[in-house]
Amino acid sequence: MSQSRTIQTHLILPPDTNHHETIFGGKVLAFIDEIAAITAMKHAKGAVVTASIDSVDFLSSAKVGDVIELDAIVSSTGRSSMEVYVRVTSMNLLTGEEKLTTESFLTMVAVDEEGKPVPVPGIHPESEDEKRLYETGPARRAHRKQRLAMKY
């Protein structure tokens, strides 16, 4: 799993924020989708598409001048799909205060040149955190399937 790990750091500037001087949720979502794609491409060694953003929990905000760090890893795989876990933390560089701002799970699918799904390798958890993510993956997959089966 650690081979897919990707980390990005961004400084929050005024154009990234709303009238509360906190980062736009849509900006965070764009960063999350980008890092999930990079992480999945590293694992699949090829092109991927976003199949779903399964969950996004905004737990706290980041302000102008804060730095956010996104940490992503492939947490589970199917035949051609990959679940990617993204954790976003913010840090005030002046005070050193760090906080968890966002957690998200996305499903990415490996595709060939024609956009058809292609198989991906499995994963092997190493650390305790990786094992926890891996072991809870089947429950999240079942929840996704249940959610997709719901008729609105």
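**Figure 1. Pro121 in its loop.** P121 is partly exposed in this predicted model, with a relative accessible area of 43%. You will find P121 in the loop that runs between β5 (98-110) and α2 (128-149). If you set aside the neighbours within four places in sequence, P121 is in contact with H43 and T77. For a sense of distance, take P121 together with G65: their C-alpha atoms are 40 Å apart in space, and 56 residues separate them in sequence.

**Figure 2. Confidence along the chain.** The mean pLDDT of the protein is 95, and 100% of its residues reach 70 or more. Confidence is highest in strand β1 (residues 6-11), at a mean of 98. Helix α2 is where confidence is lowest, at a mean of 90.

**Figure 3. The largest nonpolar core.** This view gathers the 30 residues of the largest nonpolar core. Those with the most contacts inside the core are I68, L70, M82, V84, V86 and M108. Two or more core residues come from each of α1 (25-44), β3 (67-77), β4 (81-91) and β5. Which of the elements gives the most to this core? That is α1, with eight residues. In soluble globular proteins, nonpolar side chains tend to be buried together. Zoom in on V86 and you can pick out what it touches beyond four places in sequence: I32, I35, A36, L70, D71, A72, T102, E103, S104 and L106.

**Figure 4. Helix α1 and what it packs against.** Its buried residues are V28, F31, I32, I35, A36, A37, T39, A40, H43 and A44. Which strands do the buried residues of α1 pack against? They pack against β1, β2, β3, β4 and β5. The length of the helix is a handy check too: at 1.5 Å a residue, the 20 residues of α1 should span 28 Å, and the end C-alpha atoms are 28 Å apart, so the two values agree.

Figure 5. E21 lies in the loop between β1 and α1. Although E21 is not a glycine, its phi is positive, at about 60°. E21 is exposed, with a relative accessible area of 52%. Now look at K45, which follows α1 and lies in the loop between α1 and β2. Phi of K45 is near 55°, again a positive value in a residue other than glycine. Is K45 buried or exposed? With a relative accessible area of 73%, K45 is exposed.

**Figure 6. The aromatic pair of Y85 and F105.** The structure holds one aromatic pair. Y85 and F105 make up this pair, and their rings are tilted, with 5.0 Å from centre to centre and 40° between the planes. The pair links distant parts of the chain, 20 residues apart, with Y85 in strand β4 and F105 in strand β5. Y85 counts as buried because its relative accessibility is 11%, and buried means under 20%. F105 is buried as well, with a relative accessible area of 14%.

**Figure 7. Asp54, a buried acidic residue in β2.** D54 sits in strand β2 (residues 48-58). Its relative accessible area is 17%, so D54 is buried. What does the side chain of D54 make a polar contact with? The partner is the side chain of T107, at 2.8 Å. Not counting residues up to four places away in sequence, D54 touches F105, L106, T107, R144 and R147.

**Figure 8. Glu130 in helix α2.** E130 lies in helix α2 and is buried, with a relative accessible area of 5%. A polar atom of the E130 side chain lies 2.7 Å from the backbone nitrogen of E126. Which residues does E130 touch, once those up to four places away in sequence are left out? They are M1, S2, R5, I73 and P125.

Terms used. Residues numbered from 1 in each chain as written. Predicted model: local features only at pLDDT ≥ 70, side-chain atom pairs only at ≥ 80, totals over all residues. Heavy atoms only, no water. Helix = DSSP H or I, 4+ residues; strand = E, 2+ residues; numbered from the N terminus. Buried < 20%, exposed > 50% of the residue type's maximum accessible area, 1.4 Å probe, protein only. Contact = heavy atoms within 4.5 Å. Core = buried A, V, L, I, M, F, W, Y, C linked by side-chain atoms within 4.5 Å. Polar contact = N/O pair within 3.5 Å; in protein donor to acceptor, adjacent residues only side chain to side chain. pLDDT = per-residue confidence, 0-100. Expected span 1.5 Å × (residues − 1). Phe/Tyr/Trp six-rings, centres within 6.5 Å; stacked < 30°, edge-to-face > 60°.
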